[in-house]
Amino acid sequence: MDAWLCVMFSVTLLIRLALLCFGVYQDQNLRWVHCGKLLFLGSDLLSALLLFRLLVLHCSARSLASVHCSMWLFNPLTMAVSTCGNAESLLAVLIYPVTYALPVALSLVGAPSRGRGLIQNLVWCFSRDLFLEQCSSASPFTACEYGWDFLQESSLFHLTHRDIHHNFSPYFSMLYVTAEHHWSVVLVLVCFLLQLLLLLLSSLAFCCSIHTAVFVRFNKVCTSQMPFSRSYFLWYLCLLTLVLSRLTLSLRRGLGLLLWFVGQELWLSHAYYLEFEGCNSFALIWIAGLLFLLINSLILGQIISHYRPAEAQLKKTD
Amino acid sequence: MFRCCLLVTLLCFIHRGNSEEDCFPSEWLKSVSMSVKISKAGFHRDLHYRVQWSKTEQEVHALLVQKLPSGVYMDEYQLDTLRRDTGLEVLLDSKVDVEAPEYLSSGFTALVFLSGRREAVVPVHGRYHRPSDSSKRVKVELESPRLLLRSEQCERGVAVDAPCTASNHSICSWTEILELEDHAGVSLELPVGDSSMIISVCGVTVLTTVLCCVYLLRNIWKHGSF
């Protein structure tokens with residue numbers, strides 16, 4: 001397939017169009033050189049505005065909503081990613097038709113019910129009503145318009161994409177050592193099924209943030225390099241801000257979130273020695289990657305168990 | 001347009017003669033020397049090229065033809081940025097997949113233009129190699145580049161045809177310097193994974209992810225609102 005078409009049909013389709021409109025690739029006209037970065041900074045502000053409006057809509061006090069939005073806007077990671085020329089915050093504002101289709105559909109058609117039991121709920125997720133709802137969404141029309149190439153480059157890419165370079169994904173080492181074995185396809189399928197299993201249950205507003213966190217954490221690839229690859233962390237960082245106001249974590253438990261930085265720094269130190277010093281730290285990166293997964297799962301588990309929906313909070317104050 | 005430029009580049013080097021003497025004085029040619037060094041460590045290295053010659057009234061342009069094996073690659077986007085920021089002029093003869101491992105890649109050729117300058121620092125990156133159960137590192141050898149010279153004042157003597165500049169709009173006649181001081185190319189060592197750990201890596205990874213999955217599912221089922 002033509003390389004230009006591959007780029008066009010990637011998830012950054014709209015971003016590329018915007019950049020072309022600004023003429024950022026016109027070297028002659030230096031005035032337009034930084035327009036792409038201005039666009040990404042603008043999307044940071046737009047994300048913050050959307051977060052603020054959503055938080056206020058879900059009964060957060062304006063002052064508290066401002067604090068939570070500041071955690072997104074003044075986050076060094078957010079600022080560094082956008083000014084380096086990555087469009088992750090723009091992606092956070094857009095809706096992924098595939099990853100968020102399921103929680104949106106479940107909310108519209110009717111969420112799983114505890115009375116049905118776990119296995120029956122999983123089966124229900126592939127029900128006729130849900131299938132019909134998906135058929136009426138935008139995805140099939142877009143796919144028909146642009147064909148298989150669009151589906152492949154925009155959505156299926158994440159299903160099949162494998163990057164054997166060291167990254168935060170817990171599957172990195174496994175995919176690197178098994179890259180040339182035919183049965184590695186089975187392992188890729190296992191990774192995807194585990195990811196899919198976790199994505200199937202939850203309510204909408206809470207789900208998008210946990211959904212994205214689970215998607216990123218259990219993905220086969222998870223990078224945070226800039227500016228030559230995606231910064232996966234930003235995908236859920238933005239949405240996690242939405243649920244912070246509804247967490248009932250105590251300060252002691254909240255401090256446990258610092259574990260995330262400890263896990264990340266541990267991985268980064270070994271990755272640095274591999275990439276820039278040439279030390280053979282593949283085994284240490286593997287262990288650090290698994291440890292990072294355990295820490296992330298523990299934090300996610302704590303967030304899930306201490307989240308209170310708006311209705312529960314209102315009832316409590318009545 | 002881009003494919004045509006690549007094709008033109010590939011069609012170069014069609015004629016090799018022994019006509020060094022036609023354009024440059026043979027005495028002057030003996031003063032030409034070249035050195036190649038590699039710096040930094042790990043997967044990201046810099047190739048330092050330096051070409052020297054004695055004073056001449058002619059305006060001399062130098063072109064280094066560096067063949068690179070499948071174990072390394074150059075990033076065309078990085079080279080593009082460097083061309084805008086520092087004036088480094090490097091042309092690659094084919095598209096390079098920056099993510100592919102060594103065993104799925106092929107070698108390529110880089111043309112390093114030294115117009116108006118006599119040295120250049122070109123970034124080169126190591127590819128991931130096949131895991132090994134016998135060795136923790138792998139050595140990648142880079143052969144010594146070919147040196148071509150061209151003068152604006154001299155149109156005689158066709159030795160080698162190659163692009164005039166990195167923009168690859170036209171072809172010029174270059175003179176290859178064959179009698180350089182003999183020096184070996186450079187090499188770099190890259191770490192490789194341990195293939196003897198396949199079973200333990202797969203087993204422990206799957207087990208850990210399944211445990212995390214079960215933990216999260218349990219929490220979602222227990223505390224989720226249904």
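Predicted model: local features only at pLDDT ≥ 70, side-chain atom pairs only at ≥ 80, totals over all residues.
Local features here need pLDDT of at least 70, side-chain atom pairs count only at pLDDT 80 or more, and totals for chains, interfaces and linings use all residues. Residues are numbered from 1 along each chain as its sequence is written, chains are lettered from A in the order in which they are written, and side-chain values use heavy atoms, with hydrogens and water left out.

Q: Why is the pair Glu180(A) and Arg130(B) called a salt bridge?
A: The rule wants a side-chain nitrogen of Lys or Arg within 4 Å of a carboxyl oxygen of Asp or Glu. Here the closest N and O atoms are 2.4 Å apart, so the pair passes. Across the interface of chain A and chain B, the rule finds 1 salt bridge.

Q: What makes a residue part of the contact, and how many does each chain give?
A: Contact means heavy atoms within 4.5 Å. By that test, chain A gives 53 residues and chain B gives 44.

Q: What does the buried area between chain A and chain B come to?
A: About 4600 Å², with carbon and sulfur atoms giving 70%. That's the accessible area (1.4 Å probe) that two parts lose on being put together, summed over both.

Q: What makes Asp75(B) a cap for helix α3 of chain B?
A: One of its side-chain oxygens lies 3.0 Å from the backbone nitrogen of Tyr77(B), at the N-terminal end of the helix (residues 76-86). Helices are DSSP runs (H or I, at least four residues), numbered from the N terminus. After α3(B) comes Gly87(B), with a positive phi near 80°.

Methods: Polar contact = N/O pair within 3.5 Å; in protein donor to acceptor, adjacent residues only side chain to side chain. Helix = DSSP H or I, 4+ residues; strand = E, 2+ residues; numbered from the N terminus.
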